[in-house]
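The sequence and structure are shown first.

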Amino acid sequence: MRVIHLKLAARNVRRQPHRTLALGGAVAFSALIMTLISGFVNGMDLAVQDNVTLYSGGHVLISGSTASWSGKPQNRFTDDKVAQIAKSVGAGVLTVSPLAQSRATVVFGTREIQLVIRGVEWGKDKLYHDSLILSKGDWKGLEPSRTMLMSAQTANRFGLAAGDQVTVRLTTASGQENVTNYTVGAIYDDSAAGGMNTAFVSFGDLVADLNMKSNEQQEIAVFLKNSTGAEAVATKISSLMSFQGYTVSRGVASAPSASNQAQSASFMSSDALTAPMGGATQSQAGGARLAEGTVRYRVSTIQDLAGEIGSALGSIRWIGYAVFALMLIVSATGISNSYRMVLLERTKEIGMLRCIGYKKRDVFSSFIAEGIILAGGSALLGAIVALPVGLCVGLIPFNPHGDFGSALVKGHLLFAPTIGQLALIFVFVTIVAIAAVYFPARRAAEVVPVEALRKIA
Amino acid sequence: MNGARAVTTKFVHAKLTGKLSLVLFGLVLVFSARAQSAPAGGGHGGGGGPMGGIGLPLNFLQADKDYKFPDDIAKYSANDFLMLVRRTDIRSSFYNSDMSATISMVSVSPVRGTFANKQQIYRRDKDDAFLMIMVEPESRKGQGMLRVDNNMWRYDPTSRKFTHTTLKDTYENSTVTNNDFRRWQRSIDYSVVSITTGTLGNYKVIIGELKANNDEVPFPYIKMYIEADRKIVLKVEEYSLSMKLLRTAYYTQYVQIGDSLIPTVQIFQDGLIPEKRSQVTYTDISTKSLPDYYFTKEYLERVSQ
């Protein structure tokens with residue numbers, strides 16, 4: 001393709017502005033929709049990963065279960081070597097900290113609510129200090145023992161303020177009922193944390209409430225520089241642990257579906273994400289009883305934990321692809337039909353061009369160039385227009401406690417298209433345009449000059 | 001000649017094979033019957049033998065029969081009280097027969113208000129098994145719960161799915177737990193710490209403080225109020241590990257059926273939110289023998305349709 005072809009194509013595009021606008025508009029609209037869909041799905045992906053990290057406490061989680069005297073697995077373990085193994089992985093590991101967690105009933109007056117309570121070592125914590133925005137109280141308010149960091153959603157529901165005392169009913173690691181009191185030390189803005197309503201207390205306090213020894217933990221959270229390395233780190237930790245003789249499995253355990261969990265877990269709530277880790281003993285339905293003291297570990301990543309949400313986003317992505325494909329087909333049909341008309345309109349012109357020395361290849365190339373300019377330019381325009389539209393849609397507030405709460409950033413959709421996605425859209429649209437113009441262009445190239453001139457005359 | 005011999009040999013072979021099949025079939029029948037009549041002991045303690053059952057310590061029922069209680073409640077020792085608890089366990093259960101009844105439940109909650117439902121329960125205490133099917137309200141009709149072989153499931157006819165549940169889970173967000181529908185076995189799960197005497201309304205009672213025998217019993221401490229004359233439990237307080245009152249159960253009415261004394265009216269009051277309480281009433285109690293297939297997931301699935 002030479003410059004002359006491009007010049008001729010550009011002139012032809014400008015020659016019939018109405019047709020160019022109609023065709024280009026359709027292509028631009030397809031590109032706009034695809035840019036919006038891919039940008040928002042990408043943003044949701046990023047939001048989910050950040051929120052899942054918040055819900056789970058780290059990018060990689062090592063959970064341990066020890067068989068009790070009766071052979072039932074209890075979510076607790078003591079081995080310090082496991083943390084050392086996690087630290088030894090090195091690459092990208094920022095912090096390795098113990099976690100304890102329990103599904104609890106928090107009671108205030110005559111009201112009660114089911115919450116996940118997580119024990120955090122405030123002295124070592126970086127994740128929550130960096131990610132959570134306190135709406136009431138400050139981090140110093142959480143320094144005394146038996147203080148709780150509560151979500152604004154829960155606090156508002158109870159009419160709680162910093163300094164109020166709540167009663168917490170939970171199940172110990174072995175499955176016994178326990179009741180303790182906590183003072184609300186601070187309240188965090190849950191709308192800025194993907195609608196998370198987990199309550200946080202000191203790790204030591206929760207370990208005591210769960211009737212665990214001070215050196216016991218339920219999980220080890222590994223916090224990485226970024227989430228992309230989580231799978232690699234998890235695989236490395238699993239293989240190192242297996243090599244040292246530990247019984248390790250990968251991924252998220254199938255949910256026990258205990259009634260309370262099943263009732264409260266919606267597919268995109270933070271509860272659903274934290275459900276696999278429970279303080280209480282889970283009976284082994286039909287399973288063989290383990291020898292007392294047998295410890296089994298499970299290494300999971302935020303990608304595993306975000307599995308359900310990830311698959312939902314995958315569905316959205318596929319719907320987007322289907323819409324894009326449909327739009328492309330419609331546009332391609334439009335382009336193809338238009339260029340058939342163009343061929344009829346320009347038969348005389350093509351004949352003239354052939355008479356003055358244009359070859360078949362030149363006619364063909366000028367048609368293809370016209371298609372590329374029209375579709376490529378429109379795709380570019382669509383993608384550019386999509387950017388402010390996406391940013392404006394990102395300003396619309398959504399309910400962070402709704403089904404898609406985990407896919408929001410501070411209650412808003414994140415629009416984050418990548419250069420790769422934009423390039424892919426551009427390439428796709430252009431290829432489809434070339435394919436649509438191909439047959440009319442070939443027919444145009446096959447026009448016999450003398451016949452063309454005679455026919456029109 | 002050879003042909004005749006071959007036919008004879010074939011005939012003898014066929015006859016022997018037929019007889020062998022019959023013998024094998026008979027053996028299978030005998031073992032099946034044995035397996036059904038004497039289930040293997042579960043949990044710790046074994047069981048089995050005459051009058052035995054799943055999860056019961058050896059001689060659990062026999063020792064109770066021969067036990068002589070002191071005439072004066074002031075003379076009760078810790079062991080006497082434990083045997084009294086065992087007596088209440090045994091008499092509130094049906095180890096010689098099956099049991100079926102209609103359960104009406106009314107729950108009051110300051111947040112959720114009042115709600116009522118009705119269930120049909122089928123119990124086989126010697127196997128520690130029960131099947132419960134929701135009858136009312138209409139919107140929840142067919143929902144069920146099955147406990148068999150130390151496993152427990154909930155069944156939802158809408159989704160047609162079984163979900164695993166445990167004895168300590170609450171029933172229908174009330175103050176009733178799944179464990180309350182099962183046979184009593186406090187004398188197995190607890191040891192006596194101390195006993196005193198007192199009165200509860202017009203009744204003279206022995207008050208025993210009990211501690212769980214292991215760390216897997218949901219309520220680590222309980223306090224039982226037992227009327228010594230009739231040997232029935234009137235009130236049970238359940239405490240948390242931190243000794244906070246979690247729930248109080250009142251057994252206000254009993255009905256005698258054969259050797260059993262069944263608490264037909266049971267009231268459960270929450271310890272943390274006293275305004276939250278439930279009343280469970282048993283009616284239409286029957287001890288008619290139940291078919292084995294009642295205690296299967298297939299039956300629950302079928303009957304829930």
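The model is predicted: local features need pLDDT of at least 70, side-chain atom pairs count only at pLDDT 80 or more, and totals for chains, interfaces and linings use all residues. Residues are numbered from 1 along each chain as its sequence is written, and chains are lettered from A and ligands numbered from 1 in the order in which they are written.

**Contact between the chains**

Chain A contributes 29 residues to the contact and chain B contributes 25 residues, two residues being in contact if their C-beta atoms, placed from the backbone, lie within 7 Å. On the side of chain A that touches chain B, the elements giving two or more residues are β4 (111-120), β7 (165-171), β8 (177-188) and α8 (259-264) of chain A; helices (H or I, at least four residues) and strands (E, at least two) are DSSP runs numbered from the N terminus. With four residues, β8(A) gives the most to this side. Its residues divide into seven nonpolar, 17 polar and five charged, where Ala, Val, Leu, Ile, Met, Phe, Trp, Tyr, Cys and Pro count as nonpolar, Asp, Glu, Lys and Arg as charged, and the others, Gly among them, as polar.

**Helix pair in chain A**

The axes of helix α2 (residues 17-56) and helix α14 (residues 419-445) of chain A come within 10 Å and cross at roughly 150 degrees. Axes are lines fitted to C-alpha atoms, for helices over the stretch in contact, and angles run from 0 to 180 degrees between N-to-C directions. The crossing therefore makes α2(A) roughly antiparallel to α14(A), a term for angles over 145 degrees. Residues making this contact include A:M34 of α2(A) and A:I425 of α14(A). By class, the contact has six nonpolar, five polar and no charged residues.

**Strands in chain B**

Two strands pair if DSSP finds at least two bridges between them.

| Strand pair | Sense | Bridges |
|---|---|---|
| β7(B) (residues 190-200) and β8(B) (residues 203-212) | antiparallel | ten bridges |
| β8(B) and β9(B) (residues 221-227) | antiparallel | seven bridges |

B:L200 stands opposite B:Y203 in β8(B). The hairpin of β7(B) and β8(B) has two residues between the strands, and B:G201 takes a positive phi near 65 degrees there. The bridge partner of B:E209 in β9(B) is B:K223.

**Residue B:V108**

B:V108 is found in strand β1 (residues 99-109) of chain B. Because B:V108 has 17 C-beta neighbours inside 10 Å, it counts as partly exposed (buried is 20 or more, exposed 12 or fewer, partly exposed in between; C-beta atoms are placed from the backbone). B:V108 and B:S278 are 170 residues apart in sequence, yet 6.1 Å apart in space, C-alpha to C-alpha.

Definitions and conventions: Parallel < 35°, antiparallel > 145°, perpendicular 65-115°, else oblique.
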